Amino acid sequence: MDGLLSKLRSLDAYPKVNEDFYSRTLSGGIITLASSVVMLLLFVSELRLYLHAVTETTLRVDTSRGEKLRINFDVTFPALQCSIISLDAMDISGQEHLDVKHDIFKQRIDAHGNVIATRQDAVGGMKMEKPLQHHGGRLEHNETYCGSCYGAQESDDQCCNTCEDVREAYRKKGWGVSNPDLLDQCKREGFLQSIKDEEGEGCNIYGFIEVNKVAGNFHFAPGKSFQQSNVHVHDLLPFQKDSFNVSHKINKLSFGEYFPGVVNPLDGAQWVQHSSYGMYQYFIKVVPTVYTDINDHIILSNQFSVTEHFRSSESGRIQALPGVFFFYDLSPIKVTFTEQHVSFLHFLTNVCAIVGGVFTVSGIIDSFVYHGQRAIKKKIEIGKFN
């Protein structure tokens, strides 16, 4: 048994020195105190990293198919009335959403940016007494009102009871409304007068749209849009204006849900139009993003980058449609963010590395200082004897 204990004692890698042979110095005490402070600071830093989740980023090819892309927006037009702004969306698959009204809200604002009124954009308008029937006579008490569509009806029994109904029927036919006062519904509702009453006002339009997850564009422009000879056009004649100021401020623009750390580069972007006519374009590259938090809650969202271009109405060129256009394309690469905790073994390894590393370095410094002091003392003593 004594032999076994003796063999184990011979394996001791930490031989002990009698305390009588210790030599404690002032420099050693200072170095010990400084190294202890460094160890403590590094330990606290490592502990914070261990207690808080870290985010791991990976890149992979986006193989998702058939998904929808949600676009959230909040845009202010200080010089365009709410009654003339429309929102259209279209993509390369050929799907179009013209004059989108669902989940879209408009706020009339004055010249100082104060809200005048808020309404959800919707088809419809007020009805007046004794309107003109589609057969040409005036509405009688015992009749049901059915307004004329002025040749734009899709069936004989279709009714256009409001100015908006007539304009929508014209849009589907690809026709433009040259003079709203010639339409009984628009004249009764005071369509042109309401536009004149809103002169000098602005509009804050916000909401969201859902589109196919393919390349496409959406835009804010005056007038109703329709297809004419396979060309997307807007009917600007009813407003009887020579120019449209599309100065705007993007309060918020995002593709998908919010997730921690997301940066939307167009939030707060502002542009002021100095020419009388023009089209402002944003070219956006959308990057699909998946964020998984520490509780394994998955958020499907997107990030994006953007470049800008203003197209003015120059001589010798076709006049640009006034409006703000957002052209977006999808990146084939998906970014994945995953929150996770550092493992305890990793934390323990780093703590041991901190303690051992600081202890070793401080020992080297102490040895250098101690032997340097001894060498200097010897030289001083030799100098005295000489």
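Which residue forms a salt bridge with K101, and how far apart are the closest N and O atoms? I looked it up: the partner is D99, and the closest N and O atoms are 3.4 Å apart. Worth noting before I go on: this is a predicted model.

**Salt bridges**

I checked how the K101 and D99 pair sits, and both residues are buried. Then I searched the whole structure and got six salt bridges.

Next I looked at E201, which pairs with R108 at 2.7 Å between the closest N and O atoms. E201 is in the loop between helix 5 (191-197) and strand 7, while R108 is in strand 5 (residues 104-109), so this bridge ties together parts 93 residues apart in sequence.

One of its links is K213 with E67, where the closest N and O atoms are 3.1 Å apart. K213 lies in the loop between strand 7 (202-212) and strand 8 (216-222), and E67 in the loop between strand 1 (54-61) and strand 2 (68-77), so here the tied parts are 146 residues apart in sequence. E67 is partly exposed, at 33% relative accessibility.

**Aromatic rings**

My search of the whole structure for aromatic pairs gave 23. I picked out W271 and Y280: their ring centres are 4.4 Å apart and the planes meet at 35°, so I logged the pair as tilted. W271 and Y280 are both buried. They also belong to one aromatic cluster, whose members include F73, F77, F304 and Y328.

Then I turned to F344 and F347, a tilted pair with 6.2 Å from centre to centre and 45° between the planes. Why are they about one helical turn apart? Because they are three residues apart in helix 6 (residues 344-385). F344 is partly exposed at 48% relative accessible area, but F347 is buried at 8%.

One charge over a ring went into my notes too: R70 lies over the face of F208, 3.6 Å from the ring centre.

**Surface**

Last, I looked for what makes up a nonpolar surface patch of about 280 Å², and found L4, L5 and L8. L5 is in helix 1 (residues 2-10). With 38% relative accessibility, L5 counts as partly exposed.

Methods
Residues are numbered from 1 along each chain as its sequence is written. This is a predicted model: local features need pLDDT of at least 70, side-chain atom pairs count only at pLDDT 80 or more; totals for chains, interfaces and linings use all residues. Side-chain values use heavy atoms; hydrogens and water are left out. Patches are made of residues with over 30% relative accessible area and no salt bridge: like charges are joined within 9 Å, nonpolar side chains (Val, Leu, Ile, Met, Phe, Trp, Tyr) within 5 Å. Accessible areas come from the Shrake-Rupley method with a 1.4 Å probe; for residues, only the protein chains shown count as cover. A salt bridge is a side-chain nitrogen of Lys or Arg within 4 Å of a carboxyl oxygen of Asp or Glu. Helices (H or I, at least four residues) and strands (E, at least two) are DSSP runs, numbered from the N terminus. Buried means under 20% relative accessible area, exposed over 50%, partly exposed in between (1.4 Å probe, protein chains only). Rings of Phe, Tyr and Trp (its six-membered ring) pair if their centres lie within 6.5 Å; planes under 30 degrees apart count as stacked, over 60 as edge-to-face and the rest as tilted. A charge sits over a ring if NZ of Lys or CZ of Arg is within 6 Å of the ring centre and within 35 degrees of the ring normal.
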